[in-house]
Amino acid sequence: MTSLDTVLDKDGVRLTVDDAVATVTLTNPAKRNAQSPALWRALTEAGRALPGTVRVVVLRGEGKSFSAGLDRQAFTPEGFDGEPSFLDMARGPEAELDATIAEYQEAFTWWRRNDLVSIATVQGHAIGAGFQLALACDLRIVAEDVQFAMRETSLGLVPDLTGTHPLVNLVGYARALEICATGRFVHAEEAERTGLANLVVPADQLDAAARDLAGALLAAPRDAVVETKALLAGALSRDNEQQRVAERAAQGRRLRDLAGITD
């Protein structure tokens with residue numbers, strides 16, 4: 001694969017690959033990268049299309065906003081061309097609705113695969129589904145003008161695109177509840193202070209900061225990063241003793257690999 005190959009470009013999503021680094025770009029700045037089922041399917045397709053050489057995925061949005069959230073057209077009787085409206089889906093069988101939401105969620109789940117480290121670069125608005133897409137990534141670099149908000153409750157809904165788990169893990173239950181229930185904005189200073197953001201930079205430095213972080217991530221051997229990511233992710237569901245056992249097992253695998261010992 002040559003430098004900056006375009007692997008996918010459809011429905012507001014473009015995937016380019018440069019050796020070990022892939023970039024997923026939301027490409028509808030005129031609508032502030034508002035999201036739709038077609039965009040979610042394209043994001044899912046992007047994850048499946050990643051070559052095995054990719055170790056780091058950078059997620060970015062063109063224009064002044066990362067993503068203003070779900071396109072409100074979803075709530076009109078007409079919905080999107082060629083798509084059932086959300087209102088029609090709500091009137092259908094419960095099992096079908098559940099399966100449809102599960103399909104939408106797939107666009108938000110692959111970013112935390114153990115073999116990848118994902119970085120969201122977020123400027124301007126990251127609202128609702130936009131906030132959840134940023135939360136889907138492992139790491140977040142944000143611009144000084146970032147505005148996170150979880151606005152689903154103001155529409156009588158709940159956040160259902162996999163954002164609740166990482167949000168609680170990052171900021172704690174009480175703050176997560178307050179953010180979601182009030183729908184208020186979280187700006188750059190609070191995002192960095194509470195762990196939502198790893199780094200805050202001026203908007204014109206987002207891409208450069210992502211390149212620097214990707215380079216630092218690639219400096220370590222791939223297998224060591226994969227094992228470490230799995231170890232840290234699993235710590236959320238293990239007690240201390242279980243984590244000690246997991247650490248020993250992971251280190252044993254690394255030492256055997258370095259010694260050239262195969263099972």
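Me: How many bridges join strand β4 to strand β5, and how do the two run?
Reply: Strand β4 (residues 56-61) and strand β5 (residues 117-122) run parallel and are joined by 4 bridges, where strands are DSSP runs of E, at least two residues long, and helices are runs of H or I, at least four residues long, numbered from the N terminus. The model is predicted, so local features need pLDDT of at least 70 and side-chain atom pairs 80 or more, while totals for chains, interfaces and linings use all residues. Residues are numbered from 1 along each chain as its sequence is written, and side-chain values use heavy atoms, without hydrogens and water.

Me: What stands opposite Val56?
Reply: Val56 faces Val117 in β5.

Me: And which strands make up the open sheet?
Reply: The order is β1-β2-β3-β4-β5-β7-β10, 7 strands with mixed pairing (two strands pair if DSSP finds at least two bridges between them). β1 (5-10) and β10 (199-201) stand at the edges with a single partner strand each, so one side of each has no neighbour in the sheet.

Me: Switching to helices, how do α1 and α3 pack?
Reply: Helix α1 (residues 37-48) and helix α3 (residues 94-109) pack at about 50 degrees with axes 8 Å apart, the axes being lines fitted to C-alpha atoms over the stretch in contact and the angles running from 0 to 180 degrees between N-to-C directions.

Me: Which residues of α1 make the contact?
Reply: On α1 they are Pro37, Trp40, Arg41, Leu43, Thr44 and Arg48, with contact meaning heavy atoms within 4.5 Å.
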